[in-house]
Amino acid sequence: MKIEQYLSAKKKQVDDWLQKYFAASSDSSDRAAPGGLAALHEAMTYSLNAGGKRIRPILALAACEAVGGKTEAALPAACALECIHTFSLIHDDLPAMDNDDLRRGVPTNHKIFGEGMAILAGDGLLAAAFEILSECKNVEVLRDIAAATGPEGMIGGQVFDLKAEGKKLEEKDLEKIHRYKTGRLIQVSVTSGAKIGGANPAQLEALKKYGEKIGLAFQIADDLLNVEGDARQTGKGVGSDQAHQKATYPKILGLEASRQKARRLYDEASSALADFGSRADPLRQIARFIVNRQS
Ligand code: GRG
């Protein structure tokens, strides 16, 4: 199967699951009543349904399949990861953070619903993610995802990022920010799917390495797209990193060295999968997609 077909089939599974879950959770009378929670639900689903690539949940599903697990077993945890990712996008776009107007090709959450509701929509998605994970009854996966989201992961990375504003960074400082801010959630998407699929210790170790490499490659590709991308495809402002004077790979290494680093990481991610058979082909192709993507 071509990677485009694989990605769109998996994206549909994720979209359908999320739609069903949030439709069911919007049925309570408190939400429907005037002055009730309908506005919060609308703000949460606005960003969730705004058309992201669903890379994190797809990685979880592909990792589960790579170790012989069933896709359906990993679907709820995969969707919880997308809720966490969407929470981070909503909060990252707020005036107190990056103050962005456009995300996933549409106005950012606070532009439509106001700042207060956008904060609550992000909080609501984060809580929903852990409610979904608690229903998966896999405490190890729940704990891994909490760690990759919190101070030892994405939120910690955002703190490093805030503290680095206006400072001149070296490559190792930037790499630390990105490993925490972007890398850990991507890595835990892979390892969660693998754990749910029943990975053995050697498989898990290999997939941990794969996740680490593609997590960093993903961020370098993101930095490159912010310089060279087409806003119609990325769905967010191009050139915003420079406008915000952000430290990025192209700024520190230059464009060509950044491209080379992303390609090197791709090679290392592929090597990590050397002992896997054809069941890991989607993971191999996703790694390539991450480095070459246009959105
Ligand atoms: C907790 C406020 C807060 C932030 C955490 C991850 C993060 C830090 C902020 C998200 C914003 C951002 C631009 C992160 C860098 C790379 C990244 C995660 C890009 C967006 O991910 P994609 O390309 O987006 O997977 P789609 O829309 O396809 O889901």
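This is a predicted model: local features need pLDDT of at least 70, side-chain atom pairs count only at pLDDT 80 or more; totals for chains, interfaces and linings use all residues.
**Exercise 1. Find how far an oxygen atom of the ligand is from an N or O atom in the side chain of His85.**

Step 1. Recall the cut-off: a polar contact is a pair of N or O atoms within 3.5 Å.
Step 2. Read the distance. For His85 it is 2.8 Å.
Step 3. A polar side-chain atom of Arg56 lies 2.8 Å from a ligand oxygen. For an N or O atom in the side chain of Arg104, the distance to a ligand oxygen is 2.7 Å.

Residues are numbered from 1 along each chain, and side-chain values use heavy atoms, without hydrogens and water.

**Exercise 2. Describe the shell around the ligand by class and by helix.**

Step 1. Count the residues with a heavy atom within 4 Å of the ligand. There are 21.
Step 2. Sort them. Five are nonpolar, seven polar and nine charged. Charged means Asp, Glu, Lys and Arg.
Step 3. Locate them. Helices are DSSP runs (H or I, at least four residues). H5 (71–92), H9 (154–164), H10 (171–196) and H11 (201–228) each supply at least two. H5 gives the largest share, six residues.

**Exercise 3. State what share of the protein is buried.**

Step 1. Buried means under 20% relative accessible area, with a 1.4 Å probe and protein chains only.
Step 2. Read the share: 50% of the 295 residues.

Conventions:
A residue is near a molecule or strand if one of its heavy atoms lies within 4 Å of it. A polar contact is a pair of N or O atoms within 3.5 Å; within protein, one must be able to donate a hydrogen and the other to accept it, and residues adjacent in sequence count only if both atoms are side-chain atoms.
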